[in-house]
Amino acid sequence: MIEQDESARRQRKKIALVAHDNKKRDLLEWSKYNRDLLVEHELCATGTTGKLLEQELGFEVVKLQSGPLGGDQQIGAKIADGDIDLLIFFWDPLEPQPHDPDVKALLRIAVVWNIPVACNRASADFIVSSPLMSEGYQRFLPSYEEHEQRLKGEYVD
């Protein structure tokens, strides 16, 4: 069974922005180009990325911990709580990260809770240029009732 998500109906989106070190410049350039759109939404970001975005854009960005210090997990928790509508994560596929398990967990939780994810400029451009950015969107959430029952030992095959 699939449920409808009431929080995703909002027009003012809650957007999480994350970038690995080698991708911060790309995210800053992309964000500056899209400033007029982004200012209409609530932004949060991991540590240094948030500080750089705030300086570049000239408006408040909620700054969480640095990714390796738990920022990726903080964003994941916000996604699970329904507090993030969109994840823009410019990650570096060519550079190993000491917190790769956290990165994988963040991407996984975004898929689990069915939120859009942009991993590069092209996908970010497609998402933010969608008419759904300026109107409500009825996001559907899979029901994990069977999974939860199995964990409790209540599931009978």
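This is a predicted model: local features need pLDDT of at least 70, side-chain atom pairs count only at pLDDT 80 or more; totals for chains, interfaces and linings use all residues.
Val18 belongs to strand E2, which covers residues 14-19. Leaving aside residues up to four places away in sequence, Val18 touches Leu27, Thr46, Asp72, Ile75, Leu87, Ile88, Phe89 and Phe90.

Strands of a sheet pair through backbone hydrogen bonds, in either a parallel or an antiparallel way. Here the sheet is open, has 5 strands in the order E4-E3-E2-E5-E6, and uses parallel pairing. Its edges are E4 (62-63) and E6 (117-118), each of which pairs on one side only. E4 is joined in the parallel sense to E3 (residues 42-45) over 2 bridges, and Ala45 has Lys63 of E4 as its bridge partner.

H1 touches E2 and E5 (86-90), and its direction makes about 145° with that of E2. H6 (residues 121-128) lies across E5 and E6, running at about 160° to E5.

H1 (residues 24-33) also packs with H3 (residues 47-57), at an angle of about 35° and with the axes 10 Å apart. Their crossing is right-handed. The contact involves Lys24, Leu27, Leu28, Ser31 and Lys32 from H1, and Thr48, Thr49, Leu52, Leu53, Glu56 and Leu57 from H3. Sorted by class, that makes 5 nonpolar, 3 polar and 3 charged residues.

Conventions:
Residues are numbered from 1 along each chain as its sequence is written. Side-chain values use heavy atoms; hydrogens and water are left out. Axes are lines fitted to C-alpha atoms, for helices over the stretch in contact, and angles run from 0 to 180 degrees between N-to-C directions. Helices (H or I, at least four residues) and strands (E, at least two) are DSSP runs, numbered from the N terminus. A crossing is left-handed if the near helix is turned anticlockwise from the far one by less than a right angle, and right-handed if clockwise. Contact means heavy atoms within 4.5 Å. Ala, Val, Leu, Ile, Met, Phe, Trp, Tyr, Cys and Pro count as nonpolar, Asp, Glu, Lys and Arg as charged, and the others, Gly among them, as polar. Two strands pair if DSSP finds at least two bridges between them.
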